[in-house]
Amino acid sequence: RRDDSARTRRKSLISTQVNGIWKAKSHSSEIRLDATGSWLFVGNRGHDSLAVFEVTFDGDRPQLRRAHVVKTGGACPRNFAVLDSFIVVGNQDTNELVVFRREVDGNLTEVSRRGHRSPNFLPPLLSP
């Protein structure tokens, strides 16, 4: 017997890339929600970017609005850590960590980068 209460249904479809462009070599790597639940981040491999979505609520229902798509400054953003004021992105194929400051409007501004051999996983980090 099938339990319909556990089913999920697509309510909307929002591209994680600019102008909804999709290429076979581009796919999502990770999805993370910030601690406040106000911003959702999606890594795009191939497009080498982070999509930033604003999360709002209409009653109980969450609504997403793509606010920005920001290039990660390297190739293959495999993993990232979301902090209160920063995001640290591990670009796997260019062997580097890139730090972005989180702006009030959800945009990201690069503030630092450092070489790091194949950064495949960034555990949750605590803000200093």
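Which strand gives the largest share of the lining of the largest pocket? In this predicted model, strand β4 (residues 61-71) does, with four residues of the lining.

**The largest pocket**

The volume of the largest pocket is about 250 Å³. Its lining includes Arg61, Pro62, Gln63 and Leu64. Lys11, Ser12, Ile14, Leu33, Leu40 and Val55 also line the pocket. By residue class, the lining holds six nonpolar, two polar and two charged residues.

**The β3-β4 hairpin**

Strand β4 also takes part in a hairpin with β3, with two residues between the strands. Gly59, in the turn, has a positive phi of about 70°. The pairing of strand β3 (residues 49-58) with β4 is antiparallel and runs over 10 bridges. Within this pair, Phe57 faces Pro62 of β4, and Pro62 is also one of the residues lining the largest pocket.

**The open sheet**

Four strands make up an open sheet in the order β5-β6-β7-β8, paired in the antiparallel sense. Its edges are β5 (77-82) and β8 (108-115), each of which pairs on one side only. From one strand to the next, the twist averages 20°. Strand β6 (residues 86-91) and strand β7 (residues 96-102) are joined by six bridges and run antiparallel. In this pairing Asn91 stands opposite Glu96 of β7.

**Two buried strand residues**

Asn44 belongs to strand β2 (residues 39-45), and Val98 to strand β7. Asn44 counts as buried because its relative accessibility is 0%. Val98 is likewise buried, since its relative accessible area is 0%.

| Residue | Relative accessibility | Contacts beyond four places in sequence |
|---|---|---|
| Asn44 | 0% | Thr16, Gln17, His27, Ser28, Ser29, Ser49, Ala51, Pro77 |
| Val98 | 0% | Thr72, Ile87, Val88, Val89, Asn91, Glu110, Ser112, Arg113 |

For Asn44, the contacts include Ser49 and Ala51, which fall within strand β3 (residues 49-58).

For Val98, the contacts include Ile87, Val88, Val89 and Asn91, which fall within strand β6 (residues 86-91). Between Val98 and Phe80 the C-alpha to C-alpha distance is 9.3 Å, with 18 residues separating them in sequence.

How values were computed: Residues are numbered from 1 along each chain as its sequence is written. This is a predicted model: local features need pLDDT of at least 70, side-chain atom pairs count only at pLDDT 80 or more; totals for chains, interfaces and linings use all residues. Side-chain values use heavy atoms; hydrogens and water are left out. Buried means under 20% relative accessible area, exposed over 50%, partly exposed in between (1.4 Å probe, protein chains only). Contact means heavy atoms within 4.5 Å. On a 1 Å grid over the protein atoms alone, a cavity is a set of points where a 1.4 Å probe fits but cannot get out, and a pocket is an open set with protein on both sides within 12 Å along at least five of seven lines; lining residues have an atom within 4 Å of a point. Grid points are joined across faces, edges and corners, and a volume is the space filled by probe spheres set on the points. Ala, Val, Leu, Ile, Met, Phe, Trp, Tyr, Cys and Pro count as nonpolar, Asp, Glu, Lys and Arg as charged, and the others, Gly among them, as polar. Two strands pair if DSSP finds at least two bridges between them. Axes are lines fitted to C-alpha atoms, for helices over the stretch in contact, and angles run from 0 to 180 degrees between N-to-C directions.
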